[in-house]
Amino acid sequence: MGAWDLGPFDNDGALDALGHLDAGEDVPGGLAQVMRETLDEGEYLDAHDLSGAVAAACLVGARLIGAEPDVIAAKWLERHPFAVTDALRDLARATLDRAALPDDNELYDLWDDADALASWLDRLAPYREALGAGS
């Protein structure tokens with residue numbers, strides 16, 4: 001996984017997902033598809049794919065928060081207005097909940113192996129709170 005910081009948009013998987021979403025006209029549908037494809041995977045999740053789904057979920061959370069401290073996400077949200085439906089919120093919540101499961105995904109394991117798991121989860125906390133995740 002190419003990551004340069006702990007934030008949900010600070011890695012190659014996130015930027016790849018945002019790039020694919022830029023090409024679509026149906027923003028909520030594209031966000032949902034990225035998250036649904038990952039959640040439908042019954043096996044151990046790959047870090048790159050889950051990073052893209054986490055970024056999509058955090059975009060939904062950021063829309064609910066109403067502000068985004070990350071420059072990449074703020075610009076993306078400015079270019080792509082969308083309304084958060086209950087279904088989209090539920091997908092985003094489920095995505096962030098799954099990302100926080102030990103022994104279920106490579107992303108969690110990589111942050112744990114790097115002794116940065118607590119810091120990574122702290123960076124996701126505002127989005128999880130906005131979505132009601134982990135409650």
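The legends below walk through several views of one predicted model.

Figure 1. Residues are numbered from 1 along each chain as its sequence is written, and side-chain values use heavy atoms, with hydrogens and water left out. The chain has seven helices and zero strands, in the order α-α-α-α-α-α-α along the sequence. Helices here are DSSP runs of H or I with at least four residues, strands are runs of E with at least two, and both are numbered from the N terminus. The C-alpha atoms fill a box of roughly 35 × 30 × 30 Å along the principal axes. For 135 residues, a compact globule would have a radius of gyration near 14 Å, and the 13 Å of this chain agrees with that. That radius is taken over C-alpha atoms, and the globule rule is 2.2 Å times the number of residues to the power 0.38.

Figure 2. Of the 135 residues, 46% count as buried. Buried means under 20% relative accessible area, exposed means over 50%, and partly exposed lies in between (1.4 Å probe, protein chains only). The chain exposes about 6700 Å², with carbon and sulfur atoms supplying 49% of that area; the areas come from the Shrake-Rupley method with a 1.4 Å probe, and for residues only the protein chains shown count as cover. Among contacts with a separation of 6 or more, 70% are between residues 24 or more positions apart, a contact being heavy atoms within 4.5 Å. As for charge, there are 9 positive and 28 negative side chains, and the centres of the two sets lie 9 Å apart. Lys and Arg count as positive and Asp and Glu as negative, while His and the chain ends are not counted. Each charge is placed at NZ of Lys, CZ of Arg, CG of Asp or CD of Glu.

Figure 3. Phenylalanine 9 has 0% relative accessibility and so counts as buried. Tryptophan 120 is a handy landmark: phenylalanine 9 and tryptophan 120 are 111 residues apart in sequence, yet their C-alpha atoms are 12 Å apart in space.

Figure 4. Side chains of opposite charge can pair when their charged atoms come close. A salt bridge here is a side-chain nitrogen of Lys or Arg within 4 Å of a carboxyl oxygen of Asp or Glu, and the count comes to six. One of them joins arginine 93 and aspartate 90, at 2.9 Å from N to O. These two residues are about one helical turn from each other, because they sit three residues apart in helix H5 (residues 86-99). Arginine 93 is partly exposed at 24% relative accessibility, and aspartate 90 is partly exposed at 40%. Aspartate 97 is partly exposed at 28%, whereas arginine 128 is buried at 17%.

Figure 5. Aspartate 104 and arginine 98 meet in a salt bridge with an N to O distance of 2.4 Å. Aspartate 104 is buried, with a relative accessible area of 17%, and arginine 98 is buried too, at 12%. Elsewhere, Asp5, Asp10 and Arg123 are linked in a network of salt bridges.

**Figure 6. Close-up of histidine 80.** This residue is found in the loop between helix H4 (71-79) and H5. At 10% relative accessibility, histidine 80 counts as buried. Leaving aside residues up to four places away in sequence, histidine 80 touches Asp22, Val27 and Arg63.

**Figure 7. Two loop aspartates with positive phi.** Aspartate 103 lies in the loop between H5 and helix H6 (106-113). Its phi is positive, about 65°, although aspartate 103 is not a glycine. Aspartate 103 is exposed, at 69% relative accessible area. Aspartate 115 belongs to the loop between H6 and H7, and its phi is also positive, near 55°. Aspartate 115 is exposed as well, with a relative accessible area of 76%.

Methods:
Predicted model: local features only at pLDDT ≥ 70, side-chain atom pairs only at ≥ 80, totals over all residues.
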